[in-house]
Amino acid sequence: MQLKLLWDIQEIDLSIRGIEGDIINAPLKSGRQEKAEALDALKVERDADEANLKAKQKKLRELEMKTQKAIDDRKQLYEKMYSGKAVNVKELEQQQYRLDQLDSERKMLEDQIIDLLESIEEQEEQLGFLCNRLSRDLADLESTEANLAAELVLLEGKLAELEGRRLIKASEIDSKYLEKYHILAEKHQGRPLARVDNNICGGCRVFISGALRGRLYNPDAMVYCENCGRLLVIIED
Ligand SMILES: [Zn+2]
């Protein structure tokens, strides 16, 4: 009976080790760091694009104000020139020159505005793509994180359940068996017990000698494989 309980403990311990491995190597963990880093890089790119766009919009407002000023100045000058007040020819020439200057200035500003508007439109489109990609990647990462968290909760639950079962089993076993189990477990990579099947050791696949076989039928006797040293147990199916 003690050996059967010890065998159960070994089965539980192997399951615990398996689940601990699953927790460490959860497939959803892979690439998570890279995804988060790529997302951060995208955010930096978006922030730079937004700052760039704002600067262009500020520049646009400046150009619009300058254009308006050129228009106002021209209007004022035009009205002055044609107000009927007599001025000499030289002064009239100077005023006409200034008028032409204001016209070409306005034209130049309007060209700059058109170019800038095109550039702003492109930038907005680019920013739109970037924001879409960012929100898609963010949603992707968040769903990966949520799935991972759910998976880990499940695994932790299984682990707690196994550990509870192990405690109960262990409380039913004499400490001398458990001590031997732990010493042998270190030697045999967590598999200190071997099941005997058709007189063969399940640990090393070597035939059990006739001398040992007789002792094996005492369910509490500690019999060790002469070849690998594992504690032999007979488990009835
Ligand atoms: Zn063996």
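Strands are runs of at least two residues assigned E by DSSP, and they are numbered from the N terminus. In the predicted model described here, a hairpin is made by β1 and β2, with two residues between the strands. Within this hairpin, N198 takes a positive phi near 50°.

Strands of a sheet pair through backbone hydrogen bonds, and the pairing may be parallel or antiparallel.

Both kinds of pairing involve β1. Strand β1 (residues 193-197) runs parallel to β3, to which three bridges join it. On this side of the sheet, A194 has L232 of β3 as its bridge partner, and R195 is partnered by V233 of β3. Strands β1 and β2 run antiparallel and are joined by two bridges. Here the bridge partner of V196 is C201 in β2.

At the level of the whole chain, the protein is divided into domain 1, covering 15-171, and domain 2, covering 175-233. The C-alpha centres of domain 1 and domain 2 are 69 Å apart.

A further feature concerns surface charge. Residues D115, E118, E121, E122, E124 and E125 form a negative surface patch. One of these residues, E125, is placed in helix α3, which comprises residues 89-171.

Definitions and conventions: Residues are numbered from 1 along each chain as its sequence is written. This is a predicted model: local features need pLDDT of at least 70, side-chain atom pairs count only at pLDDT 80 or more; totals for chains, interfaces and linings use all residues. Side-chain values use heavy atoms; hydrogens and water are left out. Patches are made of residues with over 30% relative accessible area and no salt bridge: like charges are joined within 9 Å, nonpolar side chains (Val, Leu, Ile, Met, Phe, Trp, Tyr) within 5 Å. Accessible areas come from the Shrake-Rupley method with a 1.4 Å probe; for residues, only the protein chains shown count as cover. A salt bridge is a side-chain nitrogen of Lys or Arg within 4 Å of a carboxyl oxygen of Asp or Glu. Lys and Arg count as positive and Asp and Glu as negative; His and the chain ends are not counted. The place of a charge is taken as NZ of Lys, CZ of Arg, CG of Asp or CD of Glu. Helices (H or I, at least four residues) and strands (E, at least two) are DSSP runs, numbered from the N terminus. Domain bounds come from an automatic or database domain assignment. Two strands pair if DSSP finds at least two bridges between them.
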